[in-house]
Amino acid sequence: MEHLKIEIHGIVQGVGFRPFMHREIRERGLSGTIRNSSSGVVLELEGERAALEAFLEALPHRAPKLAVIERVEPRWGLPVEGCEGFSILPSLVEKERNTLISPDVCLCEDCRKELLDPGDRRYRYPFLNCTNCGPRFTIIKDVPYDRPLTSMGRFPMCPDCEREYHDIENRRYHAQPDCCPVCGPHLWFRDAEGARTDGDEAALKAAREMLRAGKIVAVKGLGGVHLACSCGDPAVVSRLRRRKQRDEKPFAVMCRDLSCARAICEVSEDEARILESWQRPIVLLKKKAPGLTHLSENGYVGVMLPYTPLHVLLFGDDIDRLVMTSANLSDTPIVYKNDEALERLSGIADGFLLHDREIQTRCDDSLCWVLDGKEYPARRSRGYAPYPVRLARVRSGLLACGAEQKAGFCLTKGDYAFPSQHLGDLKNFETLENYEQQIAHFERLFDIRPEALACDLHPDYLSTGYAKERSEREGLPLVQVQHHHAHLASCMADNGLRDPVIGLIWDGTGLGTDGSIWGGECLVGDFAGFERFGSIRPIPLIGGDLATKELDRVAWALLRDAGLDRPGNAVWEAMLAQGLNCPLSSGMGRLFDGVAAILGVKTRASYEGQGAVLLEAAAAPDESGAYPFALSGTPLRFDWRPMLRALCEDGADVSHKAAKFMNTLLLFACEQAEEASRKTGLRDVVLSGGSFQNMYLMRRLPGLLRARGLTPWHHSRVSCNDEGIALGQVTVLNEKSKKEA
Ligand code: ZN
Ligand code: ZN
Ligand code: FE
């Protein structure tokens with residue numbers, strides 16, 4: 001007989017780890033105990049040496065579906081206590097917390113069967129869940145993950161649930177948020193006049209009737225409230241747009257199942273797999289035919305499948321597809337509380353389907369494309385947060401504050417970087433407030449006290465303000481990281497790279513080290529530093545920020561610089577001549593904006609990147625031609641003037657001109673990267689920055705780089721846009737603080 005103690009680190013709480021182990025251990029004829037600790041799970045086993053060794057060896061390969069074992073620490077030679085059987089002990093609260101927290105998990109197949117089985121006691125119960133599924137991150141107040149420290153704390157289990165909870169043979173054995181119609185949360189419905197309908201069935205029926213009647217219903221879900229309405233009715237969708245003050249941004253659609261999605265979109269095998277994965281992100285899918293313009297003005301529609309029992313119950317019969325958009329007004333954070341929903345959505349929703357399970361933490365739906373069989377994230381949130389990115393040799397206690405328009409922070413602890421969920425635009429007071437609260441929440445959950453801070457170089461970003469203020473208040477060192485260097489580092493960290501790389505970093509805007517605006521950059525560097533190897537010819541932004549909305553200002557400046565005829569504008573001419581509020585920008589986003597305006601695709605943008613999005617949508621996929629260009633100087637700059645002259649002379653239609661424009665960018669990118677490779681001997685090329693949310697570029701550029709003997713890398717765990725910046729900042733900060741140590 002021997003005694004073996006095993007500490008297991010990773011996502012091992014709230015994923016059915018203990019009951020799974022219970023069964024494993026019993027089958028192997030071992031005895032002992034298991035308990036959750038603040039840093040994972042602790043097993044104390046007794047049995048014959050060979051059986052213990054076999055168990056230990058199999059451990060990493062035998063774990064429940066949602067568990068992620070990061071580290072196993074065995075300890076032999078402890079005194080044998082002669083324990084019998086196997087039991088689960090109460091959680092051990094230690095001073096040091098190290099537990100990873102599971103993201104929220106979509107309804108599992110077993111629970112779905114029960115939900116639809118008239119003989120089951122949870123038949124049509126909108127909150128059923130089990131060890132393998134249900135809410136996690138969004139209901140956790142604190143760790144360890146036990147019912148009293150979640151939103152379910154105020155729902156004591158009924159005797160039936162209690163029995164299942166203690167029954168080792170049951171799927172709900174030790175499932176913390178488990179509940180049933182007798183003991184768990186319930187729905188209610190409220191109409192616009194304030195009339196309330198109680199009871200799950202009655203509330204559901206009222207909501208479904210309202211949806212069928214072409215009305216807008218606020219539906220409280222997992223990480224916040226959605227606004228839902230019929231997807232096939234352009235009138236109600238445009239009413240929703242008007243009320244939500246969201247003129248042109250696309251709406252996501254929830255489809256009853258895969259076949260309902262396939263009816264409106266092309267769905268590849270990889271896309272189907274990710275749509276049906278337990279993370280259930282919104283996947284951006286190609287529209288089947290031009291149309292559905294009331295949902296999205298570009299070539300893609302964001303589609304997701306039902307991920308909670310409540311969603312499943314909303315569908316059925318004649319409801320196949322619903323618009324499901326985050327309930328918020330003009331980019332404020334998603335509404336997540338009942339009273340807040342009733343108050344703030346009163347002019348928007350015709351009815352409210354709410355419930356009494358509180359959401360602790362806001363978490364929007366995640367949004368991604370599928371690229372090379374993996375998620376290519378635009379927004380990393382529900383289903384992914386707060387799962388960490390593993391970084392080798394990272395210092396604990398680092399906090400990176402991110403950028404501004406697509407905010408996100410990142411904390412480190414013991415080889416892990418914890419990027420936040422999607423937070424939105426900090427320019428908004430409420431988003432800033434939520435940002436600060438979420439930093440505090442993450443620090444508490446993961447027990448991290450920041451010892452060093454990183455932020456952007458831009459002095460006006462509110463995240464920079466937060467970092468500076470905190471650095472002063474707490475006396476912490478602060479490192480300001482150049483925006484595009486952070487993008488480069490982020491893509492390196494995303495791919496586990498450590499050696500110097502070439503980075504094609506294309507985005508709308510970021511402050512450069514020379515005080516001008518950058519964004520069409522070719523950098524060479526690593527976590528420690530970078531060099532600006534190449535860029536693009538700068539573009540004057542007439543009127544500064546105004547030029548990011550009024551795209552004809554950019555078009556005018558581009559044409560003027562290229563020596564082409566343009567409509568006269570004395571005011572702009574004078575501003576340029578005097579250099580009055582005409583900052584120079586080498587942002588790729590601005591070049592897209594200008595060309596979108598020149599081609600008449602878009603002259604006024606209602607959201608950031610709209611010009612580029614529409615240009616991508618307009619492009620003919622089979623066009624292989626490109627325009628002439630020049631590459632010269634130090635940094636090696638792409639001169640777009642020859643391209644513009646050729647484009648303006650080109651008799652082809654808009655779709656071909658749009659494609660030729662992007663083909664020209666692909667060509668210059670390859671030549672620039674190739675030149676950088678010749679000069680440095682490097683072969684790895686990371687692609688980052690918001691302009692790479694352009695799938696026309698992303699489905700072509702990697703192949704073209706490979707054809708030139710280079711190795712392209714793109715994001716798959718955090719976004720290429722500014723939401724992913726914090727991960728890069730944290731790795732740069734880590735490198736800097738290593739040097740100082
Ligand atoms: Zn389940
Ligand atoms: Zn119950
Ligand atoms: Fe950026």
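Student: Is R49 buried, partly exposed or exposed?

Tutor: The model is predicted, with local features needing pLDDT of at least 70, side-chain atom pairs pLDDT 80 or more, and totals for chains, interfaces and linings using all residues. Residues are numbered from 1 along each chain, and side-chain values use heavy atoms, without hydrogens and water. Buried means under 20% relative accessible area, exposed over 50%, and partly exposed in between (1.4 Å probe, protein chains only). At a relative accessible area of 36%, R49 is partly exposed.

Student: With which residue does R49 form a salt bridge?

Tutor: A salt bridge requires a side-chain nitrogen of Lys or Arg within 4 Å of a carboxyl oxygen of Asp or Glu. With the closest N and O atoms 3.0 Å apart, the partner of R49 is E53.

Student: How many residues apart in sequence are the parts that D320 and R256 tie together?

Tutor: The side chains of D320 and R256 form a salt bridge, at 3.2 Å from N to O. D320 lies in the loop between α9 and β13, and R256 in the loop between β10 and α7, so the parts tied together are separated in sequence by 64 residues.

Student: Is the crossing of α16 and α17 left-handed or right-handed?

Tutor: A crossing is left-handed if the near helix is turned anticlockwise from the far one by less than a right angle, and right-handed if clockwise. The crossing of α16 with α17 is left-handed.

Definitions and conventions: Chains lettered and ligands numbered in written order. Helix = DSSP H or I, 4+ residues; strand = E, 2+ residues; numbered from the N terminus.
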